[in-house]
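Please consider the structure shown below.

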Amino acid sequence: MAVVPDEESAGPVSIPVWPGSAYPLGATYDGAGTNFSLFSEVAEAVDLCLIARDGTETRVRLEEVDGFVWHAYLPTVVPGQRYGYRIHGPWDPDRGLRCDPSKLLLDPYGKAFDGTFDGDAALFSSPVEDRSPTEGASPTDQGDHDPGHGEGDPDDRNHDEAPAAGSPGDEPPQLPGLDSLGHTMTSVVINPFFDWASDRPPRRPYHETVIYEAHVKGMTATHPGVPEELRGTYAGLAHPVIVEHLVGLGVTAIELMPVHQFMHDQTLLDRGLRNYWGYNTFGFFAPHTDYSSAAKPGAAVSEFKAMVRAFHEAGIEVILDVVYNHTAEGNHLGPTIGFRGIDNGAYYRLVDGDEAHYMDYTGTGNSLNARHPHTLQLIMDSLRYWVTEMHVDGFRFDLASTLARELHDVDRLSAFFDLVQQDPVVSQVKLIAEPWDVGEGGYQVGNFPGLWTEWNGKYRDTVRDYWRGEPSTLGEFASRLTGSSDLYEATGRRPSASINFVVAHDGFTLADLVSYNEKHNEANGEGNLDGESHNRSWNCGVEGPTDDPDVLALRRRQMRNIMATLLLSQGTPMIAHGDEMGRTQQGNNNVYCQDSELSWMDWTLTDVNKDMLEFTRRVIDLRVRNPVFRRRRFFDGRPIRSGDQMRDIAWLTPAGEEMTPADWDSGFGKSLAVFLNGDAIPEPNHRGERVTGDSFLLCFNAHDDTIDFATPDDEYASEWTVVLDTADDAGGEERVVAAGTALPVGARSLTVLRRTD
């Protein structure tokens with residue numbers, strides 16, 4: 001028996017405590033009562049702490065232990081109950097042992113949380129005076145440092161991955177014993193039952209997928225069509241006006257920036273800022289509470305499910321940006337809110353021979369220990385939970401190289417990849433790697449196993465370089481345009497393994513990419529030292545805002561060039577939210593802490609830049625209607641069959657002649673044409689039928705002057721129709737061009753022609 005406060009009256013009542021089960025881990029309500037289960041190998045005793053509405057605490061000692069899993073079943077505990085754990089065991093930081101029963105600890109398997117962290121000293125197992133003034137609740141992870149993005153040292157850490165607080169020489173002080181109850185969040189028992197009705201996953205193939213990266217709050221914070229009480233929430237994102245925008249655009253999948261429960265860094269809060277992006281997770285099973293429109297604890301779970309159901313009804317998949325590489329507890333001077341106090345050495349990579357400190361492959365102070373079986377189990381259980389219980393359709397893994405580190409190096413044969421490969425649930429959804437971390441050898445674009453797709457950082461860099469006029473990029477550009485076979489074919493993967501993007505949340509928006517040469521992050525309060533300094537951007541002649549009509553026209557054209565290139569490339573395209581309407585962040589390329597109009601979507605741009613919005617729709621529609629732009633297999637380049645010299649692809653000079661090695665190596669390297677043969681697609685459709693479609697000629701001109709392109713004749717065509725011209729501001733009517741005639745392609749523009757005979 002245990003004495004537990006009644007949730008309604010806050011008065012004490014006696015309830016029975018049964019042995020319960022070691023599986024499943026976490027708090028599981030079965031319709032009658034709740035089973036509690038927690039792993040800790042270092043614990044000598046574990047208290048389950050039930051927290052009443054008035055903040056009073058009742059402790060239940062867990063007497064049952066199986067395989068280091070402590071458990072009990074409380075038959076009268078129902079959804080809405082707040083709880084936490086206190087771990088009794090050794091405190092010896094030099095050996096990596098950090099059991100501190102004065103800390104109310106969050107359940108690693110918690111499916112909902114309530115309350116806030118207030119930054120009080122009680123959250124830390126080190127006194128405030130031993131933490132430097134720049135430290136907050138944890139070192140910050142602000143997103144995705146890509147060593148291949150710039151030209152500097154791969155270990156130059158922007159505020160995308162802030163340096164870990166403290167230094168290896170700092171020694172944690174002795175256990176202070178300040179109680180964190182009232183200063184920390186609590187875990188919450190949830191009701192797992194939900195009416196999914198006839199929900200079914202869209203299961204759209206990669207080659208038919210168009211991904212839209214978005215932020216839950218940023219998408220809806222200012223939308224006039226979303227009721228004010230729903231803005232910034234899951235319910236707001238699922239509102240018909242948002243769904244209709246995505247469907248009308250042609251999007252097939254929405255990739256949500258982190259929605260796992262995360263912490264706001266105290267240093268940011270002290271400056272009036274917030275961890276807007278959310279790359280500071282501590283709850284890998286819980287949808288972030290702040291994105292719920294209801295104040296009731298646990299309400300975020302059902303609201304998230306309703307959002308997924310609404311997207312599925314519209315044929316849109318939901319992909320989550322997940323951060324399993326580190327947690328919000330930071331380095332050895334960070335807060336003790338969960339993992340650190342439960343089993344520090346199991347959940348984190350500790351420095352060999354110096355277990356007081358943490359290995360840091362993420363620039364955030366710690367790295368999850370993906371070598372430990374229980375940590376691997378947590379990751380896999382989390383992934384399965386989001387698929388089976390929350391019905392999501394895939395994951396984008398932040399700094400995924402960290403998960404592949406066995407002893408030190410990134411290993412394609414790591415246990416994590418083995419587990420994913422054989423898992424009957426996780427292996428069947430979309431798995432997207434951000435294929436780098438900030439550790440040595442962390443840049444792994446093209447090196448993930450065959451089941452995975454990857455954010456193609458080389459695609460981003462090449463397309464940016466080409467359209468800003470960098471010389472001698474033609475060969476690389478051609479490879480990226482056709483699916484990056486040099487990166488993915490050797491592992492048996494298809495063009496769709498390349499998640500093509502030019503802009504993502506981390507960096508300039510598309511409008512800023514063509515408007516700024518330098519970052520302008522002063523609003524972040526870090527002296528403009530944070531964020532990537534080498535952006536491969538070009539301001540078109542003027543830094544930032546201008547009234548010059550020629551500069552503005554060029555910027556609009558460059559945006560169309562980049563968007564069209566992205567959507568007509570082989571592979572899986574990803575658009576960053578707002579780029580379809582020219583969203584700006586005023587030159588800030590690291591808005592991780594800007595929960596404001598600077599980072600939110602500006603929906604007035606649907607009118608101001610409606611031409612860009614309509615252009616994006618047109619190009620997506622062109623991709624959807626024509627299978628030659630979304631082939632399942634790589635181009636061959638050789639004759640399709642005996643006696644027929646028509647290839648599936650041909651590269652041509654502006655003069656209409658086939659490219660030679662000298663042409664590819666030309667220092668000029670700013671113009672070329674590519675013929676895509678819609679009658680020479682070798683792979684069948686899902687019914688085994690032959691796939692045919694229109695053939696196209698794409699004429700690229702990154703030069704600062706108009707270039708005449710000879711339209712091919714003879715075996716290619718006798719007539720061509722211009723279906724897309726990025727130099728045409730008005731998006732004019734299609735026009736017919738006779739084969740063999742000269743077609744002027746405007747300065748810095750792309751013209752797409754369809755064979756019409």
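Predicted model: local features only at pLDDT ≥ 70, side-chain atom pairs only at ≥ 80, totals over all residues.

Residues are numbered from 1 along each chain as its sequence is written, and side-chain values use heavy atoms, with hydrogens and water left out.

The secondary structure of the protein chain comprises 16 helices and 35 strands; these are DSSP runs numbered from the N terminus, helices being H or I with at least four residues and strands E with at least two. Of the 757 residues in the protein chain, 62% are buried, a term that means under 20% relative accessible area, as against exposed at over 50% and partly exposed in between (1.4 Å probe, protein chains only). Among contacts in the protein chain with a separation of 6 or more, 73% join residues 24 or more positions apart; contact here means heavy atoms within 4.5 Å.

Helix pairs come next. Two packed helices are described by the angle between their axes and the distance between the axes. Axes are lines fitted to C-alpha atoms, for helices over the stretch in contact, and angles run from 0 to 180 degrees between N-to-C directions.

Helix α9 (residues 457-467) takes part in two such pairs, described here in turn. The axes of α9 and helix α13 (residues 549-568) come within 11 Å and cross at roughly 140°. The two helices are therefore oblique to each other, since angles under 35 degrees count as roughly parallel, over 145 as roughly antiparallel, 65 to 115 as roughly perpendicular and the rest as oblique. The crossing of α9 and α13 is right-handed; a crossing is right-handed if the near helix is turned clockwise from the far one by less than a right angle, and left-handed if anticlockwise. Tyr459, Val463 and Trp467 of α9 make the contact with Gln558, Asn561, Ile562, Thr565 and Leu566 of α13. This contact has five nonpolar, three polar and no charged residues, where Ala, Val, Leu, Ile, Met, Phe, Trp, Tyr, Cys and Pro count as nonpolar, Asp, Glu, Lys and Arg as charged, and the others, Gly among them, as polar.

With helix α10 (residues 474-481), the axis of α9 comes within 9 Å and crosses at roughly 130°. This crossing of α9 and α10 is left-handed. Lys458, Tyr459, Thr462, Val463 and Tyr466 in α9 meet Leu474, Glu476, Phe477 and Arg480 in α10, a set of five nonpolar, one polar and three charged residues.

Helix α7 (residues 373-388) and helix α8 (residues 415-422) have axes that come within 11 Å and cross at roughly 35°. Leu376, Ile379 and Met380 in α7 meet Ala415, Phe416, Leu419 and Val420 in α8, and the contact has seven nonpolar, no polar and no charged residues.

Some backbone details remain. Most residues other than glycine have a negative phi, and most peptide bonds are trans. The peptide bond from tyrosine 23 to proline 24, however, is cis, with omega near 0°; proline 24 is found in the loop between β2 (12-15) and β3 (26-29). Arginine 748, although not a glycine, has a positive phi of about 45° and lies in the loop between β34 (742-745) and β35 (749-755). Arginine 748 counts as buried because its relative accessibility is 16%.
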